[in-house]
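The sequence and the structure are shown first, and the description follows.

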Amino acid sequence: MEKELKEKLLKNSKTGWEEISEEQKEEIYAYAQGYMSFLNNSKTEREFIASAKKLADENGYKDISEYETLNPGDKVYYINREKSMYLAVIGNESMENGINIVGAHVDSPRLDLKPNPLYEDGGFAYLKTHYYGGIKKYQWTTIPLSLHGVIVKANGEKINVNIGEAESDPIFTITDLLPHLAQDQMEKKLREGINGEDLNLLVGSIPYSEKEGAKLNILKILNEKYGITEQDLVSSEFEIVPAFKARTLGLDGSMVAAYGQDDKICAYTSLTALMDVQNVSKTAVCILSDKEEIGSMGNTGMESHVFDYFISELLNKTGINRPNLLEKTFCFSKMLSADVDAGFDPIYASVSDTTNAGYLGKGMSINKYTGARGKSGASDANAEFVAYVRNIMEQNNIKYQVAELGKVDIGGGGTISYILANKGADVIDCGVPLLSMHAPYEVTSKYDVHSAYRTYKAFWQA
Ligand code: MN
Ligand code: MN
């Protein structure tokens, strides 16, 4: 009697693993394998967009400039400065009744090179960095790091660089003080233990000659390899990211450890879901945005008007555009803001409200609102839209949990959700819970990775 009542009235709090067959488990593990190999070739936003373009091309998508007109079923994309991308499958219904958007971001916290990075000191050659996004600086010392980016010469010639990923490549690192002499450092607050100005990448130690040091030797090597001079570095964009590979974590093989899962996990799952979507009633749009980690500003960030331009072009090429139709389209649209959530970590349980936390292995984490200190800055989804999304999850038998980032007044965060909500769309945050967010190695559950794929697909097909 009590058992029946509990089953009828209480929320199901089991993990997904307890509810699946061996066959489903194999499917989940196979999907995670594809995810991990994609990540290993896509550590920066430029690399992610290049991989996404390749996948889209293989699946019959075309650049919007190749279409004179667009018709239901057409698959189209627009790439914004190699760093962000918008994709769409044109629906059977007119876009003026609204479109269904899933939006993730492909940038992740990292170290960027300064414009004048190269110097030498004490016989070593170093590259100076400026960190990007919210990092705990001490986590970025004494780990293998790789160098990714582009150098654009004054004549426009572009050179792609990727050093430290292939087994035969050298890697780089940032040194830290030995404990024996770290008495003063250890007394400091954690945030001050490593100085931003001390995050200098060690890149060489052989002097060029008796008179000239390691800096000239490094420049000589760069010149031989890429034909560049020190001045060419001012028009380069380099990102330093962990050199380790995405790997299966745990004796049971249930988790993924990888760099940049915030938010490449939602970018990959939404992108692959879109590849499997056809014949939709509402136009399905996938956003892979840049610069989320530093506030979504700039022409590749979600605050820019490039996305509006893309949607306007869809309205133009489907032949329905007229004054103010873009605004109307947004006002009738629905969006899942696809970004990661803080997963409950028992070691740091004190920051979470355990009844409102997202747990690894329990499926999609839906955040009705984010923000900090009294929901400040949050896009708070309406109960009506939460019900709409919930219904999709329940109809498709996809496990989900509705959660908050952490305890009230402990901190907070934001995503791109408010940007589309400000345009008038119904938006809710909906992503994968993760441990060690923004660390060089982040942890997710393979069960949740697969749940994200199923969620985004179901949302577009609803
Ligand atoms: Mn994120
Ligand atoms: Mn983030």
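Three strands form an open sheet in the order β11-β12-β22, and their pairing is antiparallel; strands pair if DSSP finds at least two bridges between them. At the edges stand β11 (247-249) and β22, each of which pairs on one side only. On average, neighbouring strands of this sheet are turned by 35 degrees against each other, direction ignored. Between β11 and strand β12 (residues 255-258) the antiparallel pairing covers three bridges, and Arg247 stands opposite Ala257 in β12. Helices (H or I, at least four residues) and strands (E, at least two) are DSSP runs, numbered from the N terminus.

Helix α12 packs on the sheet and touches β11, β12 and β22, its direction making about 70 degrees with that of β22. Helix α2 (residues 22-40) lies across β11 and β12 and runs at about 0 degrees to β12. Contact means heavy atoms within 4.5 Å; axes are lines fitted to C-alpha atoms, for helices over the stretch in contact, and angles run from 0 to 180 degrees between N-to-C directions. In α12, 13 of the 16 residues are buried, where buried means under 20% relative accessible area, exposed over 50% and partly exposed in between (1.4 Å probe, protein chains only). At 1.5 Å a residue, the 16 residues of helix α12 (residues 446-461) should span 22 Å, and the 23 Å between its end C-alpha atoms agrees with this; the expected span is 1.5 Å times one less than the number of residues.

## Basis of the model

The model is predicted: local features need pLDDT of at least 70, side-chain atom pairs count only at pLDDT 80 or more, and totals for chains, interfaces and linings use all residues. Residues are numbered from 1 along each chain as its sequence is written, chains are lettered from A and ligands numbered from 1 in the order in which they are written, and side-chain values use heavy atoms, with hydrogens and water left out.

The manganese ion (ligand 1) is coordinated by His105 (NE2), Asp262 (OD), Asp339 (OD) and Asp339 (OD), at 2.1 to 2.6 Å. Its donor residues are spaced H-x156-D-x76-D in sequence. His105 lies in strand β4 (residues 100-105) and Asp262 in helix α7 (residues 261-275), so this pair ties together parts that are 157 residues apart in sequence. Both His105 and Asp262 are buried. Donors are N, O and S atoms within 2.8 Å of the metal (3.2 Å for Na, K and Ca); water is not among the atoms, so sites may look incomplete.

The manganese ion (ligand 2) is coordinated by Asp262 (OD), Glu293 (OE), Glu293 (OE) and His438 (NE2), at 2.1 to 2.5 Å. Along the chain, the donors of this ion follow the spacing D-x30-E-x144-H. Asp262 bridges the manganese ion (ligand 2) and the manganese ion (ligand 1), which lie 3.3 Å apart. Glu293 lies in the loop between β13 (284-289) and α8 (306-317) and His438 in the loop between β21 (433-434) and β22 (442-445), so the pair ties together parts that are 145 residues apart in sequence. Glu293 and His438 are buried.

## Salt bridges

With a salt bridge taken as a side-chain nitrogen of Lys or Arg within 4 Å of a carboxyl oxygen of Asp or Glu, the count comes to 23 salt bridges. One of them joins the side chains of Arg110 and Glu45 (3.2 Å, N to O). Arg110 lies in strand β5 (residues 110-121) and Glu45 in helix α3 (residues 45-58), so the pair ties together parts that are 65 residues apart in sequence. Arg110 and Glu45 are both buried.

Lys114 and Glu197 also meet in a salt bridge (2.8 Å, N to O). Lys114 lies in strand β5 and Glu197 in the loop between α5 (190-193) and β9 (200-204), so the pair ties together parts that are 83 residues apart in sequence. Glu197 is partly exposed, at 45% relative accessibility. A network of salt bridges links Arg46, Glu82, Lys83, Lys158 and Glu237.

## The β7-β8 hairpin

Strand β7 (residues 145-152) and β8 pair in the antiparallel sense over six bridges, and Gly149 has Val161 in β8 as its bridge partner. The two strands form a hairpin with five residues between them, and Gly156 in the turn has a positive phi of about 95 degrees.
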